[in-house]
Amino acid sequence: GDYERYIAEYDTTERRQNHINNALISYTTAYEIAQTSLKATDSIRLGLALNFSVFYYEILNMPEKGCGIAKFAFDLAIAELDSVSEIEYKESTLILQLLRDNMTQWISDLQDQ
């Protein structure tokens, strides 16, 4: 998903839509697997939610969907954060901070429109 998203960010040719579609399929598949296979505080799951939300916000121009994905991941992880190890806590909180920063910025942008 990330690879295709990065290409879509800079591709100005007719192939851009193919990269967007490939990214959406990859992110959606990975997101569904992560929801059932990884804990809400898992750094891989949180990183995926971060990247998927950015994809919706920046590439698909669907800010509400991007904010929704970020908020869902953030809220679930926060609810389980006190049950993780110290190492997992540090990894998770770094990504949670990025999710929160994005949500804050995006909500501000939406209110300014």
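Author: Let's start with burial: a residue is buried when its relative accessible area is under 20%, exposed when it is over 50%, and partly exposed in between, using a 1.4 Å probe and protein chains only. What you have here is a predicted model, so local features need pLDDT of at least 70 and side-chain atom pairs count only at pLDDT 80 or more, while totals for chains, interfaces and linings use all residues. Residues are numbered from 1 along each chain as its sequence is written, and side-chain values use heavy atoms, with hydrogens and water left out.

Now to the interior itself. In soluble globular proteins, nonpolar side chains tend to be buried together.

Setting aside neighbours within four places in sequence, Leu96 is in contact (heavy atoms within 4.5 Å) with Leu46, Phe74, Ala77, Ile78 and Leu81.

Next, have a look at Leu50, which belongs to helix 3. Leu50 counts as buried, with a relative accessibility of 12%. If you skip the neighbours within four places in sequence, Leu50 is in contact with Ile95, Leu98, Leu99 and Asn102. The C-alpha atoms of Leu50 and Ile69 are separated by 8.0 Å, and the two residues are 19 apart along the chain.

Tyr57 is found in helix 3, and at 17% relative accessibility it is buried too. Not counting residues up to four places away in sequence, Tyr57 touches Met62, Pro63, Gly66, Trp106 and Asp109. From Tyr57 to Ile25, 32 residues away along the chain, the C-alpha separation is 16 Å.

On a 1 Å grid over the protein atoms alone, a cavity is a set of points where a 1.4 Å probe fits but cannot get out, and lining residues have an atom within 4 Å of a point. Points are joined across faces, edges and corners, and the volume is the space filled by probe spheres set on them. The count comes to 1 cavity of 30 Å³ or more, and the largest cavity has a volume of about 50 Å³. Its lining is made up of Tyr31, Gln35, Ala40, Arg45, Leu46, Ala49, Phe72, Ala73 and Leu76. Helix 2, helix 3 and helix 4 (63–80) are the elements that give two or more residues to that lining. By class, the lining has 7 nonpolar, 1 polar and 1 charged residues; Ala, Val, Leu, Ile, Met, Phe, Trp, Tyr, Cys and Pro count as nonpolar, Asp, Glu, Lys and Arg as charged, and the others, Gly among them, as polar.

Then there's the start of the chain. In helix 1 (residues 2–10), the buried residues include Glu4, Arg5 and Ala8. They lie on the same side of helix 1 because they cover an arc of only 100 degrees around the axis, taken from the directions from the helix axis to the C-beta atoms. Among what covers the buried residues of helix 1 are helix 2 (16–37) and helix 3 (43–59). Asn21 is found in helix 2, is partly exposed at 35% relative accessible area, and has its C-alpha 9.3 Å from that of Arg5. On the face of helix 1 turned away from its buried side you'll find the exposed residues Tyr3 and Tyr10. Tyr3 has a relative accessible area of 60%.

One last stop is the loop between helix 3 and helix 4, where Asn61 sits. Asn61 has a positive phi of about 55 degrees, although it is not a glycine, and it is exposed at 59% relative accessible area. Most residues other than glycine have a negative phi.

How values were computed:
Helices (H or I, at least four residues) and strands (E, at least two) are DSSP runs, numbered from the N terminus. On a 1 Å grid over the protein atoms alone, a cavity is a set of points where a 1.4 Å probe fits but cannot get out, and a pocket is an open set with protein on both sides within 12 Å along at least five of seven lines; lining residues have an atom within 4 Å of a point.
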